[in-house]
Amino acid sequence: MRLPKKPNSAIKRFIMTILFLALSALLMAGCGAGQDAGGAGSGKLKVTATTGMIADVAQEVGGEDVAVTGLMGAGVDPHLYKASYGDVKKLDQADIIFYNGLHLEGKMAEMFEKLEKRKPTVAISSRIPESQLRSFPGGGSQSHDPHIWFNVKMWISATEVIRDSLIEKDPEHAEGYKERAAAYIAQLEELDRYASEQIATIPKERRILVTAHDAFGYFGDEYGLEVTGLQGMNTMSEYGSKDVSSLRDFLVENKIKAVFIESSVPKKAIESVIEGARSMGHEVAIGGELFSDAMGEAGTEEGTYIGMVKHNVDTVVKALK
Ligand code: ZN
C-alpha cells in the first residue's frame with residue numbers, strides 16, 4: 001500500500017516536533033532544582049527504588065498513592081550495577097528514593113550522596129542495629145554484609161523504614177500507608193514462621209548451604225543453616241583457584257550432596273567446584289536455583305519478595321532433606 005508522499009512527511013515532521021517538545025519538557029523538569037514538582041500529572045508520589053525487592057515493598061506499602069519505578073530487573077547483580085542515563089533521569093524525577101545501603105549498590109554510592117541533598121534518599125537498612133549486622137570477614141569495621149533481605153525480621157524493619165519515610169514525605173495519605181504496611185508486615189511475619197518451620201525439617205547434620213556467593217549469611221543465622229559461598233559477599237571480588245579447591249575439599253569432607261546456583265551470578269564458578277569434587281570421586285548435584293540478589297521475572301510468583309523467599313526455602317528443603 002502506498003501513501004501520498006506529502007502528508008506522510010508532514011506527519012513525520014509533526015511527530016518529531018512533539019517528541020522534541022516532550023523531551024525538552026522532560027529535561028527541564030529534571031533540572032528544575034530536583035524538588036518534587038508536586039507529582040503534577042498523576043498526583044501520585046513518585047518513588048524510585050534500586051533493587052526489585054525494595055520496589056516490591058514500596059509498592060505494597062504505597063499502594064494507589066505511589067508510582068514506583070525499580071531500576072534493577074530480574075537477574076541483575078546490584079554489586080556491579082552502574083546507573084544508566086535513563087536511571088539518572090528516573091532518580092532525578094523521583095520525589096523519594098529508596099536503596100538498600102551497606103554498600104550493596106557499590107557503584108552508586110556517590111550518586112546517592114548527591115541526591116540526598118535535594119530529596120529524601122533513604123537507605124532501607126538504616127534502622128538495623130549495628131550489633132545485628134554481619135561483618136565482612138577481613139573487611140574494615142564499616143564493611144557489613146548487605147544481604148539483609150534474607151532475614152525476614154530485618155525486612156520487616158526495612159518495611160517500617162519505607163512506611164515512615166512515605167508518611168513523612170506525603171502525610172496526607174498517612175492512613176493508607178499505615179494500613180497497607182500493617183497488612184504486609186503480617187504477611188512477612190507469616191513468611192518468617194514458614195521459613196523457620198520448613199528449615200527445621202532438614203536433619204541437623206544436613207543443614208549446610210553451599211552457594212556461588214555469600215548472600216545467605218543472614219538467612220543461615222536466622223533459620224539455622226551453615227552457609228558457605230565460593231565468592232565473598234561481593235560479586236566484585238573474583239574467585240580464585242584456591243577458593244575452588246578449598247570449597248571442593250569442604251564438599252568432599254562433609255559429604256555434601258547438593259549445592260545451589262544463583263539467578264544473578266554466573267553458573268561457571270560453582271560448576272568448576274562440582275567438577276573438582278567429581279574428580280575426587282564425590283558426586284555433587286545442583287540442588288536448584290536460588291534467587292539471591294534479584295527477584296524472578298515480573299508476573300511470576302518469584303517476581304515478588306515473598307515468593308522469592310518461599311522459592312528459596314522450598315528449594316533448599318527439597319534438596320537437603
Ligand atoms: Zn550479593
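Which residues coordinate the zinc ion, and through which atoms? In this predicted model, the donors are His79 (NE2), His147 (NE2), His213 (NE2) and Asp293 (OD), at 1.9 to 2.2 Å. The four donor atoms make angles of 92 to 126° among them, and the site is tetrahedral. For comparison, ideal angles for four tetrahedral donors are 109.5 degrees. Along the sequence the donor residues follow the spacing H-x67-H-x65-H-x79-D. His79 sits in the loop between strand 2 (66-70) and helix 3 (85-93), and Asp293 in the loop between strand 8 (285-290) and helix 10 (305-320), so the pair ties together parts that are 214 residues apart in sequence. His79 and Asp293 are both buried.

Strand 5 (residues 208-213) has six of its six residues buried, so the strand is largely enclosed by the rest of the structure. Strand 5, helix 7 (residues 217-223) and strand 6 form a β-α-β unit that is right-handed.

An open sheet of four strands, paired in parallel, has the order 2-1-3-4. Its edge strands are strand 2 and strand 4 (121-123), each of which pairs on one side only. From one strand to the next the twist averages 20°. Helix 5 (residues 152-169) lies across strands 1, 2, 3 (96-99) and 4, and runs at about 170° to strand 3.

| Strand pair | Bridges | Opposite residues |
|---|---|---|
| Strand 1 (residues 45-49) and strand 2 | five bridges, parallel | Val47 and Val68 |

How values were computed. Residues numbered from 1 in each chain as written. Predicted model: local features only at pLDDT ≥ 70, side-chain atom pairs only at ≥ 80, totals over all residues. Heavy atoms only, no water. Buried < 20%, exposed > 50% of the residue type's maximum accessible area, 1.4 Å probe, protein only. Helix = DSSP H or I, 4+ residues; strand = E, 2+ residues; numbered from the N terminus. Right-handed = clockwise from strand over helix to strand, strands pointing away. Donors = N, O, S within 2.8 Å, 3.2 Å for Na, K, Ca; no water. Tetrahedral: all angles 85-135°; square planar, octahedral: opposite > 155°, others 65-115°. Pairing = 2+ DSSP bridges. Axes fitted to C-alpha atoms, helices over the stretch in contact; angles between N-to-C directions. Contact = heavy atoms within 4.5 Å.
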